[in-house]
Amino acid sequence: MKKMKAQIRVFESLLPLIEKLSDHLFHSGEELAQTFGISRMAIHKKMVQLDQFGINVESKKKVGYRIKYPIQRLEKAKITPYLTYAQQQKMQIFPIIDSTNQALLAKLGTIEKGQVYIAEQQIKGRGRQGRTWFSPFGCNLYYSIYWRFEQGFQALSGLSLAIGCVIAQLLTDLTDQSIKVKWPNDLYLNDKKMGGILIELSGKMGDCADVVIGIGLNLNMPKAFDYPIDQPYDSLSYQDRNHLVGQLTTRLHQALAKFEQEGFAAFYPMWQNFDLFLNQPIQFVAQDRLLSGIERGVNQQGALLIEDQTGFIKPYLSGEIQLKKLIVI
Ligand code: BTN
């Protein structure tokens, strides 16, 4: 914890330099030294620190330094025009954080429904099933929203599917690319994962449910070959993250209010448009057993429907089911 806080402090001291280098132009060591009133050696040291935080700096002899990819910073002033006054008050942007989900969970009891945390970079981004979500600086979206469901846990079935559909619809509207959802909550582009949803819950059975919905989207993942990502992935090439945050927040508010009233049934027709494996042969793992069959969509509760070799269709609600496209050779 102490180490993390120290890391965050170091990172914050680098922010003015990052700001300066965000234009994707080369800046000479001399210019930077003058701007920040420090020696060229100190500038060089800061470049090394940037690299340690995963921000790849390119240095050219006799020319200078630049960050390898252009960065358009998240800016509240560019997001607020899309939001209501209440939504504006509940949005916080962090240059760096351990995990936006973790940070919201730590604030439960002190935050209001609709609180949003977004970050430029996560040091401990969390994925599903204990995995890490790789979260480099300034290029993707790391977004979490808190919602309280008065009806409790039983009202949450199909929530991740509904959120997946809302995001897929939004990204399709914004980019004209075909985004699909892999049950229960992965976002796919060109048959590769480009985003994921992590829903974390707090509360007692029979009580209301406190829900943190975390969304990670690869928007402009810089090209590199050594990312610690354990599966093929894709990235959207979408620049205007501020616009996206504004639109996403508006649509999530509408969708979550609707979900509270009508549950997954209200999103069921949408699912048909975005289901990655609809009517395709698949393999899946349920309670440690590997099964295969044809994916036949979902039912009104969001359970996955699998047709076996005899034509029998069975619903699977369990979050442990993993889908793998059957490779025919
Ligand atoms: C998955 O494994 O597919 C889910 C990934 C969810 C990542 C997002 S990024 C914002 C939020 N904060 C986290 O630590 N994780 C989620």
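This is a predicted model: local features need pLDDT of at least 70, side-chain atom pairs count only at pLDDT 80 or more; totals for chains, interfaces and linings use all residues.
His 24 sits in the loop between α1 and α2, and its phi is near 70°, a positive value in a residue other than glycine.

Residues are numbered from 1 along each chain as its sequence is written, and side-chain values use heavy atoms, with hydrogens and water left out.

Staying with backbone geometry, most residues other than glycine have a negative phi, and most peptide bonds are trans. Asn 279 also has a positive phi, near 60°; this residue is found in the loop between α9 (268-274) and β10 (281-286), and with a relative accessible area of 47% it is partly exposed. As for the peptide bonds, the one that joins Trp 183 and Pro 184 is cis, with omega about 0°, and Pro 184 lies in the loop between β6 (179-182) and β7 (186-189).

Which residues of helix α2 are buried? In α2, which covers residues 29-36, they are Gly 29, Leu 32 and Ala 33. These residues cover an arc of only 100° around the axis, which puts them on the same side of α2; the arc is that of the directions from the helix axis to the C-beta atoms. The buried residues of α2 pack against α1 (2-21), α3 (40-52) and β2 (64-67), contact meaning heavy atoms within 4.5 Å. Just after α2, Gly 37 takes a positive phi of about 65°.

Stepping back to the whole protein, its secondary structure comes to nine helices and 14 strands, that is, DSSP runs of H or I with at least four residues for helices and of E with at least two for strands, numbered from the N terminus. Of its 329 residues, 50% count as buried. Among the contacts with a separation of 6 or more, 63% are between residues 24 or more positions apart. Finally, the C-alpha trace spans about 75 × 50 × 40 Å along the principal axes of the protein.

Note on methods. Buried means under 20% relative accessible area, exposed over 50%, partly exposed in between (1.4 Å probe, protein chains only).
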